[in-house]
Amino acid sequence: MSNRICEILEIEHPIIQGGMTWVSDAPLAAAVSDGGGLGVIGAGAMPAELLRDEIRKAREMTDRPFGVNLIMINLEYDGQIEVVMEEKPPVVTLGAVQSTAIIPELKEKGIKVVPVVAAVAIARRAEQHGADVIVAEGSEAGGHIGETTTMVLTPLISRSVDVPVAAAGGIVDGAGLVAAFALGAEGVQMGTRFVCATECTVHKAVKEKFVKAGDRATVVTARAIGYPVRAIKNKLAGLYGDLERDFLLGRRTAEEIETLGLGKLREAMREGNTRDGSMMAGQGVALVDKVKPAAAIIAELVAEAEALAAELPGRIDLRQ
Ligand SMILES: Cc1cc2nc3c(=O)[nH]c(=O)nc-3n(C[C@H](O)[C@H](O)[C@H](O)COP(=O)(O)O)c2cc1C
């Protein structure tokens, strides 16, 4: 498998590990990169100097390219950008893209830039500002999401830009990878699947919940206040539901709902509080049934996709 995404990002397989706050630190990113994909450190709310340490750690752990994911609306963003400009990781992926003006500045430092977007207009703007690859993230994804599904968003964005597109949202296996190609993408970004990588340092209770999750395991909360988040159903998600109903009835403010979310991702992912913390996960969690090394996840995905692609012409029979 070799294509534009592999060439641009200098990786073996067009598989990007989505940056994940409190989840994807240097060990996971390095393991994914060693497995031939692009590992990405989730900067999230990391203080800038901690991010510097993680970048340096990843450099020691792998000699392959890796990325750093920045959330543009995060309070630490300004400090993180300074560190990134100094440390120059090979790739930066951008979440919650507010403005695309930072792209040329990162590119001047020789950093490849990969915005993660949920709408065509932002994809076009990112391309104009020099994005190297665009991730089209559909609403099946875990974490903060848009409104359009991967099935619809991927072809829309693929047709709207000339740079290569990686599809994200609901992709966990070889079938998902082949489907992404059929929809016009040239690669994928996966988050949920890599939470269950052996090298991922999240609490083991979270991995157990992921492996056991079924088709109705996730729910979207905070849609009422305009910040939809997909996570595994638990007590916290139920509480969100109650507060959102109150908000719609004018009994609570958006700020009260936002405050409820503070520190909750960390509480689940690092401390293992699967009841009161936020276990962000995509719908694809239902298809995740084992914890495996990142390199094995990638190798299996590629093998499944290749076998499926070879077999598909014989399976697609559209005429009598
Ligand atoms: C636990 C978790 C945390 C995430 N945190 C971030 C983040 O900090 N920044 C970001 O751009 N995307 C974040 N995402 C989205 C992922 O990077 C990725 O785009 C998404 O997981 C892809 O969909 P999937 O979950 O169906 O694989 C997160 C996703 C999960 C599951």
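This is a predicted model: local features need pLDDT of at least 70, side-chain atom pairs count only at pLDDT 80 or more; totals for chains, interfaces and linings use all residues.
**Entry 1: the ligand**

I found a backbone N or O atom of Gly 169 at 3.4 Å from an oxygen atom of the ligand. I then looked at Gly 170, where a polar backbone atom is 2.7 Å from an oxygen atom of the ligand. For Thr 192, I noted a polar side-chain atom 2.5 Å from an oxygen atom of the ligand. I next looked up the cover: on its own the ligand has 610 Å² of accessible area, and the protein covers 95% of that area.

**Entry 2: the shell**

I recorded 20 residues around the ligand. The closest are Thr 21, Asn 69, Glu 137, Gly 170 and Thr 192. By class, I noted 12 polar, seven nonpolar and one charged residues in this shell. I also looked up the strands: strand 3 (66-71) and strand 9 (187-190) each contribute at least two residues to the shell.

**Entry 3: two helices**

I turned to helix 11 (residues 235-248) and helix 12 (residues 254-261), which pack with their axes 10 Å apart at an angle of about 170°. Angles over 145 degrees count as roughly antiparallel, and helix 11 and helix 12 are therefore roughly antiparallel to each other. From helix 11, I listed Leu 236, Leu 239, Tyr 240, Leu 243, Glu 244 and Phe 247 in the contact. Helix 12 supplies Ala 254, Ile 257, Leu 260 and Gly 261. I noted that the residues of this contact divide into eight nonpolar, one polar and one charged.

Conventions:
Residues are numbered from 1 along each chain as its sequence is written. Side-chain values use heavy atoms; hydrogens and water are left out. A residue is near a molecule or strand if one of its heavy atoms lies within 4 Å of it. A polar contact is a pair of N or O atoms within 3.5 Å; within protein, one must be able to donate a hydrogen and the other to accept it, and residues adjacent in sequence count only if both atoms are side-chain atoms. Accessible areas come from the Shrake-Rupley method with a 1.4 Å probe; for residues, only the protein chains shown count as cover. Helices (H or I, at least four residues) and strands (E, at least two) are DSSP runs, numbered from the N terminus. Ala, Val, Leu, Ile, Met, Phe, Trp, Tyr, Cys and Pro count as nonpolar, Asp, Glu, Lys and Arg as charged, and the others, Gly among them, as polar. Axes are lines fitted to C-alpha atoms, for helices over the stretch in contact, and angles run from 0 to 180 degrees between N-to-C directions. Angles under 35 degrees count as roughly parallel, over 145 as roughly antiparallel, 65 to 115 as roughly perpendicular and the rest as oblique. Contact means heavy atoms within 4.5 Å.
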